[in-house]
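Please open the structure in your viewer and keep the selection tool at hand.

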Amino acid sequence: MWIDDLCQACKGRLIGKEILSFSKIDSTNREARDRAKGGAPEGLVILADSQSHGKGRLGRSWESPPGTNLYLSVILRPPVVLSDAPQITLLAGVAAARALSDVSGLKCLIKWPNDILLRGKKLAGILAEMEAEGARVGFVILGIGINVNWRREDFPADLGVKATSLRAESGKEISRAAVAAQLLRELEKEYTAFIREGFSPRLKDEWNRLSWINGKEVTLSLPEGEISGRA
Ligand code: BTN
């Protein structure tokens with residue numbers, strides 16, 4: 001069972017020290033949020049083989065068919081003020097881009113704020129949901145969806161041209177356990193560094209280095225008019 005391999009790989013760590021896996025769930029973010037509200041510890045991972053109501057950003061849905069991709073949510077309890085919470089999304093982007101590049105050997109990049117792109121198409125998405133406790137963060141649910149082994153012919157028509165998967169790009173099946181283990185390892189590295197050092201110059205440089213927009217022609221629409229240039 002690939003979940004057992006993943007649990008083994010995460011032994012002794014903060015993120016993934018406990019992993020609850022479901023064959024089908026409405027949304028791993030919903031489940032993680034309910035458990036966090038009930039006092040579940042930092043580092044708990046909720047993972048599902050499929051989701052009936054996978055949530056994307058801006059009220060969108062996240063396609064979550066069974067037996068092929070990765071859908072997981074992590075409970076974090078960062079000791080930071082509310083204004084620093086968005087930095088968690090940024091560090092998760094760095095961790096995800098690095099992990100996905102490592103396992104596939106292909107260059108994965110971040111598109112602001114938190115899409116992971118491969119060859120210009122969306123490979124993964126991050127949905128961070130926060131609960132405040134006064135002026136501080138109570139908990140953050142970090143939800144990540146990754147198109148791992150989805151075959152091009154199985155993509156829904158509306159996603160076909162915009163989305164991709166590791167398998168569609170590499171031409172080979174990729175172990176979900178390996179992808180999840182590398183993702184949680186990189187997340188642990190970046191999250192513990194963030195707790196120690198905050199949003200460090202190193203992390204900022206790393207984010208910029210992985211940013212998809214580098215070198216692209218861009219146009220800014222400002223109240224004073226448009227400015228074009230190379231990012
Ligand atoms: C996006 O819109 O790009 C963010 C997508 C996030 C999807 C993941 S899948 C696991 C977790 N559970 C959810 O319901 N959503 C996130």
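**First stop: helices H1 and H5**

Begin by selecting helix H1 (residues 2-9) and helix H5 (residues 176-197), whose axes come within 9 Å and cross at roughly 25 degrees. The axes are lines fitted to C-alpha atoms, for helices over the stretch in contact, and the angles run from 0 to 180 degrees between N-to-C directions. The helices (H or I, at least four residues) and strands (E, at least two) are DSSP runs, numbered from the N terminus. H1 and H5 are therefore roughly parallel to each other; angles under 35 degrees count as roughly parallel, over 145 as roughly antiparallel, 65 to 115 as roughly perpendicular and the rest as oblique.

Before continuing, please note that this is a predicted model, in which local features need pLDDT of at least 70 and side-chain atom pairs count only at pLDDT 80 or more, while totals for chains, interfaces and linings use all residues. Residues are numbered from 1 along each chain as its sequence is written, and side-chain values use heavy atoms, with hydrogens and water left out.

The crossing of H1 and H5 is right-handed. A crossing is left-handed if the near helix is turned anticlockwise from the far one by less than a right angle, and right-handed if clockwise. Now show the side chains: which residues of H1 meet H5? They are Trp2, Asp5, Leu6 and Ala9, and their partners in H5 are Arg176, Ala177, Ala180, Ala181 and Leu184. Contact here means heavy atoms within 4.5 Å. By class, this contact of H1 with H5 has seven nonpolar, no polar and two charged residues. In this scheme Ala, Val, Leu, Ile, Met, Phe, Trp, Tyr, Cys and Pro count as nonpolar, Asp, Glu, Lys and Arg as charged, and the others, Gly among them, as polar.

**Second stop: helices H3 and H6**

Next, select helix H3 (residues 86-104) and helix H6 (residues 201-209). Their axes come within 10 Å and cross at roughly 55 degrees. H3 and H6 are therefore oblique to each other, and their crossing is left-handed. On the H3 side, Leu90, Leu91, Val94 and Arg98 take part, meeting Leu203, Glu206 and Trp207 of H6. The classes in this contact of H3 with H6 are five nonpolar, no polar and two charged residues.

How many residues does the largest nonpolar core have? It has 50, and those with the most contacts inside it are Val74, Leu100, Ile116, Ile146, Leu184 and Leu187. A nonpolar core is a set of buried Ala, Val, Leu, Ile, Met, Phe, Trp, Tyr and Cys residues joined through side-chain atoms within 4.5 Å. Buried means under 20% relative accessible area, exposed over 50%, and partly exposed in between (1.4 Å probe, protein chains only). H3 supplies the largest share of this core, 10 residues.

Select valine 74 and display its surroundings. Not counting residues up to four places away in sequence, valine 74 touches Ile15, Gly43, Leu44, Val45, Val140, Ile141, Leu142, Leu184 and Leu187. A second, separate core of 10 residues includes Ile25, Ala32, Ala48 and Ile75.

Move to serine 50, in the loop between strand S2 (45-48) and strand S3 (70-76). Is serine 50 buried or exposed? Its relative accessibility is 7%, so serine 50 counts as buried. Leaving aside neighbours within four places in sequence, serine 50 is in contact with Ser23, Lys24, Ile25, Ser64, Pro65, Pro66 and Tyr71.

In the loop between S2 and S3, select leucine 58. Its phi is near 55 degrees, a positive value in a residue other than glycine. Leucine 58 counts as exposed, at 65% relative accessibility.

Proceed to isoleucine 174, in the loop between helix H4 (166-170) and H5. Isoleucine 174 is buried, with a relative accessible area of 8%. Isoleucine 174 and threonine 68 are 106 residues apart in sequence and 9.6 Å apart in space, C-alpha to C-alpha.

Finally, select proline 113, in the loop between strand S4 (108-111) and strand S5 (115-118). The peptide bond from tryptophan 112 to proline 113 is cis, with omega near -5 degrees.
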